[in-house]
Amino acid sequence: MSDISAAHALALAALAAACTGMAVWWLFVFRRALPLERASAAAAAELADLRAFAAELLEPGQAARRPGRALLEAAERALGAVHGRLPGLSLAVFARREEGPLELLARRGDVWSRVPPEAMAMEPGFFDAASEVPSRWRLGAAGAAPLMSALSGLGQSVALSQPWGEEGGPRGVLVAVEADPSARLLARAKPLLSLAARSLGASA
């Protein structure tokens, strides 16, 4: 083999090695960038859905067509919008006007139709706690409030309570429950429940 052929072979080998190294580098970059791209696309889709959800909650003119029923209609719209996205959850909106009795405004999911009436009354201490700050409840715990015990007896594992309204006016709590102990759906529901609570407070 001549010196020229040997040099040519060495150059080809070096080029092949460089190409291999570049391919490995691009593969590494691509594998790192692809999850970021997917995450970005998922975040954009979630933001678009939240905007669509907020639009569903507002529905201009609905309350004006049925005077005196703004809060009830807001509760129906809120639960319908959440349940339409996460049908595996059972949802309910409770309200209390001043010091009056607790009122069930709306519900979604067959679980709530099977809760005993006495448990649905929601004892004052539990209502006060649930209507202060958003809370997560592991159902089935000893000494739990009657409502949570009843929900546990119906096969539910985890509950989220989202307060709405302000002191001095109608206020209440939105309750979402899930049978799966992992609470995967409830985790997805958190931003939806927060927006729903705001719409309820604005309608009160």
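Two strands pair if DSSP finds at least two bridges between them. Strands (E, at least two residues) and helices (H or I, at least four) are DSSP runs, numbered from the N terminus. By that rule, strand 1 (residues 90-96) and strand 2 (residues 102-108) run antiparallel, joined by six bridges. This is a predicted model: local features need pLDDT of at least 70, side-chain atom pairs count only at pLDDT 80 or more, and totals for chains, interfaces and linings use all residues. Residues are numbered from 1 along each chain as its sequence is written, and side-chain values use heavy atoms, with hydrogens and water left out.

**Hairpin**
- Five residues separate strand 1 from strand 2 in a hairpin.
- In the turn, glutamate 98 has a positive phi of about 50°.
- Opposite arginine 96 stands leucine 102 of strand 2.

**Aromatic rings**
- The structure holds two aromatic pairs (Phe, Tyr or six-membered Trp ring centres within 6.5 Å; planes under 30 degrees apart are stacked, over 60 edge-to-face, the rest tilted).
- One of them joins phenylalanine 94 and tryptophan 112 edge-to-face, at 5.9 Å centre to centre and 70° between the planes.
- This pair links distant parts of the chain, 18 residues apart: phenylalanine 94 is in strand 1, and tryptophan 112 is in the loop between strand 2 and helix 4 (117-120).
- Both phenylalanine 94 and tryptophan 112 are buried (under 20% relative accessible area; exposed is over 50%, partly exposed in between; 1.4 Å probe, protein chains only).

**Serine 90**
- Serine 90 lies in strand 1.
- Serine 90 counts as buried because its relative accessibility is 6%.
- Beyond neighbours within four places in sequence, its contacts (heavy atoms within 4.5 Å) include Arg108, Trp112 and Val175.
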